Amino acid sequence: FRHFIETYLVDWRSGSKRYFTPEGIKSRQSADTKGIFTIQYPEERIPVPENFRYLPFLIYRELEDGTRDLLCTACGICSKVCPPQCISIKKAVDPETGKPVSSPAEFYIDIDICMNCGLCAEFCPFDAIRMGHDYEIATQTREGNIYDLEKLMKPVSYYAKIRPVQYAAEEAIRQEKEARKNQQQN
């Protein structure tokens with residue numbers, strides 16, 4: 001009964017700041033909160049930590065002419081290290097010569113089988129596959145849970161938004177490598 005009364009007292013003192021604001025969620029998650037501390041899901045959501053990983057996605061760079069430069073070269077390492085073998089890749093073929101091209105023609109991940117371990121992202125030598133934050137993926141049919149290339153592709157800006165600290169560290173390392181490479185060439 002005390003918690004019930006404290007809820008109304010705290011709500012009355014804090015006004016409308018207690019619900020539907022990031023500050024309100026943070027105050028209700030603190031150890032010294034009074035009253036009821038539940039989150040009003042789905043209207044309110046607890047912020048996802050930066051290191052949270054759920055579904056893999058493929059990164060592409062947006063070029064100035066509006067095209068996409070997919071970082072994946074269809075090497076197949078991610079499908080080889082995947083413990084449940086839920087990744088399937090088919091390499092693209094040049095129509096004129098018939099030789100394989102270093103880009104995927106088809107890329108599938110069966111999300112129902114994926115165990116979200118992150119090994120595909122860890123072993124990718126081109127940093128083309130990363131783990132995302134999308135965890136609300138319920139569907140009513142099985143066909144909706146097999147992600148193809150179009151559903152997996154996300155821009156570099158999306159990755160920078162969900163993991164700002166890790167992206168900044170990776171960019172610093174990449175720029176340092178480019179600077180060293182330019183110094184060696186000069």
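How many salt bridges does the structure hold? In this predicted model, the structure holds 8 salt bridges. Side chains of opposite charge can pair when their charged atoms come close.

One of these pairs is formed by Glu 150 and Arg 68, whose closest N and O atoms are 3.3 Å apart. Glu 150 belongs to helix H5 (residues 149-152) and Arg 68 to strand E2 (residues 68-70), so the contact ties together parts that are 82 residues apart in sequence. Glu 150 counts as exposed, at 53% relative accessibility, whereas Arg 68 is partly exposed, at 45%.

A salt bridge also joins Glu 170 to Arg 130, again with the closest N and O atoms 3.3 Å apart. This pair links distant parts of the chain, 40 residues apart, with Glu 170 in helix H7 (residues 164-185) and Arg 130 in strand E5 (residues 129-131). Arg 130 is buried, at 9% relative accessibility.

The side chains of Asp 134 and Lys 154 meet in a further salt bridge, at 2.6 Å from N to O. Asp 134 lies in the loop between E5 and strand E6 (146-147), and Lys 154 lies in strand E7 (residues 153-155), 20 residues apart. Asp 134 is partly exposed, with a relative accessible area of 36%, while Lys 154 counts as buried at 18%.

Strands E3 (residues 87-93) and E4 (residues 100-110) pair in the antiparallel sense over 6 bridges, and Ser 88 stands opposite Tyr 108 in E4. The two strands, E3 and E4, form a hairpin with 6 residues between them. In the turn, Gly 98 has a positive phi of about 80°.

Notes. Residues are numbered from 1 along each chain as its sequence is written. This is a predicted model: local features need pLDDT of at least 70, side-chain atom pairs count only at pLDDT 80 or more; totals for chains, interfaces and linings use all residues. Side-chain values use heavy atoms; hydrogens and water are left out. Two strands pair if DSSP finds at least two bridges between them. Helices (H or I, at least four residues) and strands (E, at least two) are DSSP runs, numbered from the N terminus. A salt bridge is a side-chain nitrogen of Lys or Arg within 4 Å of a carboxyl oxygen of Asp or Glu. Buried means under 20% relative accessible area, exposed over 50%, partly exposed in between (1.4 Å probe, protein chains only).
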